[in-house]
Amino acid sequence: RTAEQMVLPKATVSTLVQQLEARLGVRLLNRTTRRVNVTVDGAAYYERCVRILADIEDSEHAIAGIGATLHGRLRVDVGATFGRRVLVPALPEFFRLYPEIRLELGCGDRPVDLLEEGVDCVVRGGLPLDSGLVAQPVGELDLLYCAAPGYLAARGMPLHPKDLHEHDIVRYFSTRFGATDTWNFNRGPERLELRLDGRFAVNDSEAYLEAGLAGLGVIEITTFMADDALLEGRLVRILPDWQPDPVPLFVMYPPSRRLSAKVNVFVTWVSSLIAREVGAARTRPPADRPSGG
């Protein structure tokens, strides 16, 4: 296929690859009579070459000016739930604005080595760790406290944050931050920080929501994840007068990508998307946001 795309004989392409392997002193491809597979060294070399070509594209865009059409690959990694529920549904707008960009989107909560994996930027919630990456804030996500109706019928409705010491708490943990066992409560000038332990913890956002729906305990969850369940009555908001600290969102990328035109337009677009999502949630009429109390 490479030979066809380059309008070259297959033997010529094979010779060029072999010459490259000889110059590098490593095998880039494993060849059999039936197939050709890339080696570990070949994959690493390919990713580095892709990044170099991306840097060249960015340099050309910088010289040509902002009027130039952005094109080429942009590789982004985001949290799984944020990607599925917020980012992907909004992507038609992004592609209308930048039709020549080829976006490769990874959705997951695992740590990503941007340089090793050839990722241009990641979107992550929570304060960034000192990883040598540029961390650019793009907004924040609101949280709320809620539980399943059946759980509250059995255990009672908490009227004050301290009542949660008598309740089951579902904790969320990640490989980046560990388990979250301290919850924050804000009501006007009042602020409480309570250490709330629980017998169940999970490291996946969707599973965390399902734990709340299953009646395993009280959860602290983003509004965009809880809204449907609240409207359908499968979750009930508790302590509506108290607000958790919002979760800050950052786009993080290597310093070498600081001037990347594609990364810059993606950061700007994500910032606008978050502002619209949070603004819509905060201005929604109270009747559409059941408080359960």
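1. Basis. This is a predicted model, in which local features need pLDDT of at least 70, side-chain atom pairs count only at pLDDT 80 or more, and totals for chains, interfaces and linings use all residues. Residues are numbered from 1 along each chain as its sequence is written, and side-chain values use heavy atoms, with hydrogens and water left out.

2. Overall make-up. The protein chain has nine helices and 15 strands. Both are DSSP runs numbered from the N terminus: helices are H or I with at least four residues, strands are E with at least two. Of the 293 residues, 41% count as buried (under 20% relative accessible area with a 1.4 Å probe, protein chains only; exposed is over 50%, partly exposed in between). Take the contacts (heavy atoms within 4.5 Å) with a separation of 6 or more: 74% of them join residues 24 or more positions apart.

3. The three-stranded sheet. This open sheet runs β13-β7-β14, with antiparallel pairing. Strands pair if DSSP finds at least two bridges between them. β13 (219–222) and β14 (236–238) are at the edges with a single partner strand each, so one side of each has no neighbour in the sheet. Neighbouring strands are turned by 55° against each other on average, direction ignored. Strand β7 (residues 143–147) pairs with β13 over four bridges.

4. Helix α8. This helix (residues 223–231) lies across β7, β13 and β14, at about 105° to β13. Angles run from 0 to 180 degrees between N-to-C directions, and axes are lines fitted to C-alpha atoms, for helices over the stretch in contact. Its buried residues are T223, M225, A226, D227, A229 and L230. Just after α8, G233 takes a positive phi of about 80°.

5. The largest nonpolar core. A nonpolar core is a set of buried Ala, Val, Leu, Ile, Met, Phe, Trp, Tyr and Cys residues joined through side-chain atoms within 4.5 Å. The largest has 31 residues, of which L164, W183, F185, V218, I221 and L235 touch the most other members. At least two residues each come from β7, α6 (149–155), β10 (182–187), α7, β13, α8 and β14. Leaving aside neighbours within four places in sequence, I221 contacts D142, L143, L144, C146, Y208, L209 and A226. Another core, of 30 residues, lies apart from it and includes I101, V134, V265 and F266. In soluble globular proteins, nonpolar side chains tend to be buried together.

6. The five-stranded sheet. This one is also open, in the order β4-β3-β5-β15-β6, with mixed pairing. Its edge strands, β4 (101–107) and β6 (134–141), each pair on one side only. The twist averages 20° from one strand to the next. Strand β3 (residues 72–78) and β4 run parallel, joined by seven bridges. Here G72 stands opposite I101 in β4. Helix α4 packs on the sheet, touching β3, β4, β5 (121–125) and β15 (247–253), and its direction makes about 170° with that of β4.

7. Helices α4 and α7. Helix α4 (residues 80–97) packs against helix α7 (residues 205–213) at about 85°, with axes 7 Å apart. The two are therefore roughly perpendicular (65 to 115 degrees; under 35 is roughly parallel, over 145 roughly antiparallel, the rest oblique). T81, R84 and R85 in α4 meet S205, E206 and L209 in α7. By class, this contact has one nonpolar, two polar and three charged residues. Ala, Val, Leu, Ile, Met, Phe, Trp, Tyr, Cys and Pro count as nonpolar, Asp, Glu, Lys and Arg as charged, and the others, Gly among them, as polar.
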